[in-house]
Amino acid sequence: MAKQTDIQTLKDQLAELDTNWKRALADYQNLEKRTREQQSMMAQLACLSLIERLLPVLDHLDLAAKHLNDPGLSMVQKQLEMVLEEEGVSTILAANHVFDPTTMECVEQVEGEKEMVMEVVANGYQIGNRVIRPSRVKVGMGK
Amino acid sequence: MSKIIGIDLGTTNSAVAVMEGGTPKVIPTAEGRNTIPSIVEPVKNLVGDVAKRQMILNSKNTVYSVKRLMGRRIDDKQVTLTQKHVPYEIVAGKDETASVKIDGKVYTPQEISAKILQKAKADAEAYLGEPVTRAVITVPAYFDDSQRQATKQAGEIAGLTVERIINEPTAAALAYGLDKKDSQTIAVYDLGGGTFDISILEIGGGVFEVKSTNGDTFLGGDDFDAKIINWIVAEFKKENGVDLSGDKQALQRIRDSAEKAKIELSSSAETEINQPFISMNNGQPLHLTMKLTRAKLEELVDDLIQKTIDPVKAALKDAKIDVGKVDEVVLVGGMTRMPKVQQVVKDFFKKEPHKGVNPDEVVAIGAAIQGGVLMGDVKDILLLDVTPLTLGVETMGGIRTPIIERNTTVPTSKSQVFSTAADNQPQVEIHILQGEREMAADNKSLGRFVLDGIAPAPRGIPQIEVVFDIDANGILKVSANDKGTGKTQHITIKNATNLSDEEVEKMKTEAEKHAEDDKKKKELAEAHNHAHQTVFELEKQLKEHGDKLPEEDKKNIEEQVAKLKELADKEDTDAETLNKAIETTMTAAQKLGEILYKQEAGKGKTEEKPTATKDEKPADDKKDAVEGEVVE
C-alpha cells in the first residue's frame with residue numbers, strides 16, 4: 001500500500017514539475033520571440049526618441065518662418081522636413097479635416113464649422129501608422 | 001489558463017503589468033506608453049490618450065477622475081467636492097449612488113472604469129498574444145466595502161474575473177519584496193498626479209495589515225505644475241509687460257515647458273525654458289526664455305511638499321506608531337521622483353526610502369506579483385540563482401579569461417576551446433578564477449587541476465575543451481577534455497555562487513576601482529603575448545622558407561625579429577613600444593609573405609591561426625597556462 005501512495009506522490013510531483021517546466025519553457029520562448037521583435041523595433045525607437053526631441057525645434061522654426069517671412073529660413077525649414085521625410089516621418093494632415101482624436105489633439109474651441117479643424121497650432125507627425133505626436137489643433141464649435 | 005494581470009486603476013493614470021518568466025513587466029499601451037490616462041468618452045467609446053485629446057472639444061462628455069465617485073453615494077462629501085472640479089454632470093443613479101450623465105444617458109462609475117479596464121485588457125492581450133480573463137486590481141487602502149465591490153464589478157463588466165482586490169500601498173510594498181520581512185512597520189508615501197495618500201502598514205507572517213491611512217484628495221503633480229506655470233507667467237509679465245495668462249495657446253506651450261522643466265530638474269540643477277515667438281508686443285515678436293534652477297523650483301513648491309507632512313503625522317498618530325518605529329518607507333507616484341520630496345520624506349522618517357522601482361509603475365507591478373502568487377507562478381517558481389561574480393580561467397600572460405559572466409542565471413553550462421602555449425607541451429593547468437579583475441592574480445582562486453597526457457604537437461594544435469557547468473545548487477564543475485586523446489580531467493567546486501553580499505560588493509568595487517589600471521595591465525600582457533607569438537611565427541617561417549629569400553631581406557627580417565624578441569622578453573617594455581615593434585617587424589616580414597605566396601600560388605595550406613605565445617619550458621609543466629585563443 002505504501003508503495004502505491006509513493007507512486008501516486010511521485011506521479012503528482014512529476015505532473016507538477018512537467019507543468020512548471022513547460023510553463024518556464026513557454027515563457028522563455030515567448031520572451032525570445034519578443035526580444036527578437038523588440039530588437040528590430042529598437043533601431044526605429046532610438047530614431048523615434050531623437051525625432052520626438054527634434055519636433056519642438058521644428059515647431060519653433062515654423063513659428064519663426066511665419067513671423068519673419070524670410071526665404072532663407074524657409075529653406076532651412078524645408079531641409080529639416082526633408083530629412084524627417086526620408087526617415088519615414090510624415091506630417092499628419094489636419095487643416096480642413098474633420099477632427100480625429102486618434103491623430104489630433106484639440107487645444108481650443110473656436111468659431112467655425114462643428115468638428116472641423118479650423119487651425120493647426122502645431123503640426124503632428126507619424127511614422128507609418130504610429131503617431132509620434134498628435135497635431136495640436138483648434139476645432140470649430142459650430143454655430 | 002490565462003495569466004493574471006495586475007492593474008493599477010488610478011485616479012489620473014492607470015497601469016498594467018504581468019509576471020513573465022518570474023519577473024513583473026509593465027505592459028505598454030497600444031499608443032506605446034506605460035500608463036493609460038484614466039479618461040473616458042463613453043458615447044464614442046474613447047479611452048486613454050485618445051479621450052484626453054478631445055477633452056476640450058467635448059468636455060461635458062469626457063469623464064476623468066471617476067475613481068473619486070466609485071461606490072459613493074450622491075450626498076458623499078467627496079462627490080460634492082468632485083462636482084465642483086469637473087465639467088461633466090454627476091447625478092444620483094440607482095439607490096442614490098453617484099453616477100455620471102453623459103449625452104442623456106446615465107453611467108455608473110463602474111461602467112466608466114470598466115472602459116479603462118477593457119483597454120488594459122486589450123493592451124495586455126496584444127502584448128501577450130493570448131486572451132486575458134483574470135486580473136488583480138488595486139484600490140486605495142481607505143476604500144470601503146462598497147467601493148471595493150464597485151471596483152470588482154468594473155472588472156467583471158470589462159470581462160475580467162477579479163481574482164483579488166488589493167490595497168495600493170500593499171502592492172507597492174510587494175513590489176519591493178517587503179512581504180518577505182516579518183513584524184515590520186511600513187509607511188507608503190504616495191504623491192500622484194492628483195491625490196496624496198499616506199498609509200501605515202504592518203506586515204506579519206506575509207500578511208499586510210493597514211494600520212491607518214490619511215492624505216489629501218486634491219494635492220498632486222498638477223498643483224506643482226500650476227505653481228511653475230504661474231511663476232513663468234509672472235516672470236514674463238515682469239520682463240515684458242505682457243500677461244500671457246489669457247492666451248490659451250501660450251499657456252499650453254508654457255504648460256509643456258513647465259512639465260519638461262520639472263522632469264529635467266529631477267536630474268540636473270538648472271534648466272532653460274525656451275519658447276520663441278510666444279507672443280507679440282507692438283508688432284514685435286516676444287520670446288520666452290528663462291532659467292529655472294532646482295533651488296527656485298523647490299522654493300516654489302515648498303508649501304505643497306510641506307502640506308504632505310501633516311497627513312503623515314496624523315496617520316502615524318492614528319496607527320499609534322512613533323515615527324522612529326517605522327522600519328521601511330516606500331515612495332509611490334510620479335511626484336516622488338522630485339529630489340526635494342525624497343529629501344523631505346527622508347528627513348521626516350530619518351530613513352532612506354525605497355525608490356528603485358519606477359514610482360508610476362510600482363503599484364501595477366505589485367498587483368502583477370500578487371497575480372503571480374495566485375497563479376502559483378511566484379510561490380512555486382524555482383527561484384533561480386545568478387552567479388554573483390564572473391568565473392573564468394587563467395590564460396597566457398596571467399590574463400583572466402571569463403567563461404561565465406556574472407549575473408548569468410544558473411543552472412548553466414559554458415565551454416571554450418583552448419590550446420597549448422608551447423611545442424610538445426604535455427599538459428595544461430586549468431586555474432579557475434572568480435572575480436571581475438582583468439589579471440588572474442587579482443581574482444579569487446577557486447581551484448586548479450592539471451590535464452596531462454597531451455600528445456606531442458606544435459603549439460596551438462591541441463584542442464582542449466574547458467567546460468564550466470553550474471547546477472541549480474550552485475555547484476561548479478569544471479572539466480577539461482583533450483579532443484585529441486579524449487583524456488578528461490575535472491574538478492568540483494562547491495559554493496561557487498554562495499557568497500555573502502558584502503563579499504560580492506567588495507569584489508565589484510575593487511574591480512571598478514582598478515578598472516583603468518587592470519585594463520592597462522591586460523593590454524600590456526596581451527602586447528607581450530602578441531609579440532612572442534609574432535616572433536614564434538616568423539622564426540618558424542624563416543626556418544622553413546628563409547632560404548628562398550634574397551640574403552639581404554632575410555637578414556633584415558632576422559634582425560627585426562631578434563629586436564622584437566629582445567623587447568618581448570624584457571618585462572618592463574610598454575605596450576606601445578611593443579605594438580610599434582610588432583608593426584615594424586611585420587612590415588619587414590611582408591617580403592617573406594610575398595615569396596611564400598608566389599611560390600605556393602595559393603595552394604599552400606594556411607598555417608593555424610597565430611596564437612599567443614610565451615616561451616616557457618614545457619618541462620616546467622605547472623606553470624603552463626592554457627593559451628588564450630578560442631575556437632568556438
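1. Helix α8 of chain B covers residues 294-306, which is 13 residues. In this predicted model, α8(B) reaches 17 Å from its first C-alpha to its last, close to the 18 Å expected at 1.5 Å a residue.

2. The helix also has a kink: α8(B) bends by about 50 degrees, and the bend is centred on B:Leu300.

3. Which residues of α8(B) are buried? They are B:Leu297, B:Val301 and B:Leu304. An α-helix has 3.6 residues a turn, so residues three or four places apart point the same way.

4. On chain B as a whole: the chain has 15 helices and 26 strands. Of its 632 residues, 44% are buried. Among the contacts in chain B with a separation of 6 or more, 66% are between residues 24 or more positions apart.

5. Next, the interface. On the chain A side, 21 residues are in contact with chain B, and on the chain B side 16 residues are in contact with chain A. Two elements of chain A, α1 (2-68) and β2 (104-110), each supply at least two residues of the side that touches chain B. The most comes from α1(A), with 8 residues.

6. How do the residues on the side of chain A that touches chain B divide into nonpolar, polar and charged? There are 12 nonpolar, 5 polar and 4 charged residues on that side.

Terms used. Residues are numbered from 1 along each chain as its sequence is written. Chains are lettered from A and ligands numbered from 1 in the order in which they are written. This is a predicted model: local features need pLDDT of at least 70, side-chain atom pairs count only at pLDDT 80 or more; totals for chains, interfaces and linings use all residues. Two residues are in contact if their C-beta atoms, placed from the backbone, lie within 7 Å. Helices (H or I, at least four residues) and strands (E, at least two) are DSSP runs, numbered from the N terminus. Ala, Val, Leu, Ile, Met, Phe, Trp, Tyr, Cys and Pro count as nonpolar, Asp, Glu, Lys and Arg as charged, and the others, Gly among them, as polar. A residue is buried if 20 or more other C-beta atoms lie within 10 Å of its own, exposed if 12 or fewer, and partly exposed in between; C-beta atoms are placed from the backbone. The expected span of a helix is 1.5 Å times one less than its number of residues. The bend at a residue is the angle between axes fitted to the seven residues ending there and the seven starting there.
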